[in-house]
Amino acid sequence: IIVVDDGSTDDSADVVRRYGDAVRYHRQENRGPAGACNTGLELATGDFVAFLEQDDLWLPDKTRRQLQEFETTPDLDYCVGQVQNFWIPELQAEAARHRDHPVMQPVAGYVVQTLLARRDVFSRVGRFQEPLRFAFACDWFVRASDAGAVGALVPEVLTRRRLHEHNFSRTHRAESRDQFLHIVKATLDRRRGAGRSA
């Protein structure tokens with residue numbers, strides 16, 4: 001387990017120290033979520049890598065369930081699962097308003113929190129794009145598809161995403177939208193360029 005402290009201002013370091021040698025701690029100046037994931041990749045030594053952001057939760061059998069997919073499909077490069085939102089207690093009124101909304105339903109988790117991947121797939125696909133604070137996972141999955149990486153989606157919920165007042169998608173909605181539009185354009189440009197050179 002590697003904890004990348006991306007310039008936190010809380011007591012993260014003290015919390016990690018309680019776990020002793022079971023957890024490797026690395027602190028860096030703030031580079032954003034993609035930068036933290038990239039640092040984790042640099043420090044990792046295992047054959048597989050998985051990522052968990054500080055405010056989300058894995059279900060207890062997430063890793064076991066995903067490794068089953070790799071055993072079943074030997075050429076698999078990465079695996080994701082379903083993700084489901086949940087609200088902090090202070091936002092239960094908001095959760096109640098969304099009771100029948102699609103945001104309450106599990107969705108295919110093409111986000112880093114659900115990803116379990118062979119570490120060597122990043123040498124083919126590339127690392128996460130650090131300027132993309134909001135859409136870096138979407139960008140990576142599109143590039144993985146273009147690179148021919150083999151992926152699988154587990155139909156069960158494996159990750160729970162915590163909704164609170166400070167979610168990037170809530171506080172930087174316009175910037176998030178702009179980054180997704182940038183990815184769409186960059187992907188179309190890349191694929192058109194590949195088509196011309198073929």
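**Close-up views of the predicted model**

**View A. A lysine charge over a tryptophan ring.** In this predicted model, the charged end of K62 sits over the ring of W58, at 4.4 Å from the ring centre.

View B. Strand β1 (residues 2-6), helix α1 (residues 12-17) and strand β2 (residues 24-28) form a right-handed β-α-β unit. The pairing of β1 with β2 is parallel and runs over 5 bridges. Within this pairing, D6 stands opposite Q28 of β2.

View C. Because 11 of the 12 residues of α2 are buried, the helix is largely enclosed by the rest of the structure. Among the buried residues are G32, P33, C37, L41 and L43. C37 has a relative accessibility of 7%, so it counts as buried.

**View D. Aromatic cluster.** F51, Y78, Y110, F122, F128, F136, W140 and F141 form one aromatic cluster. The count of aromatic pairs in the model is 11. In one of them, Y110 and F141, the ring centres are 5.3 Å apart and the planes lie at 90°, so the pair is edge-to-face. This pair links distant parts of the chain, 31 residues apart: Y110 lies in the loop between β6 and β7, and F141 in helix α6 (residues 136-146). Y110 is partly exposed at 39% relative accessibility, whereas F141 is buried at 8%.

View E. C79 has a relative accessible area of 0% and is buried. The model has 0 disulfides.

Methods:
Residues are numbered from 1 along each chain as its sequence is written. This is a predicted model: local features need pLDDT of at least 70, side-chain atom pairs count only at pLDDT 80 or more; totals for chains, interfaces and linings use all residues. Side-chain values use heavy atoms; hydrogens and water are left out. Two strands pair if DSSP finds at least two bridges between them. Helices (H or I, at least four residues) and strands (E, at least two) are DSSP runs, numbered from the N terminus. A crossover is right-handed if, with the strands pointing away from the viewer, the path from the first strand over the helix to the second runs clockwise. A disulfide is a pair of cysteine sulfur atoms within 2.5 Å. Buried means under 20% relative accessible area, exposed over 50%, partly exposed in between (1.4 Å probe, protein chains only). Rings of Phe, Tyr and Trp (its six-membered ring) pair if their centres lie within 6.5 Å; planes under 30 degrees apart count as stacked, over 60 as edge-to-face and the rest as tilted. A charge sits over a ring if NZ of Lys or CZ of Arg is within 6 Å of the ring centre and within 35 degrees of the ring normal.
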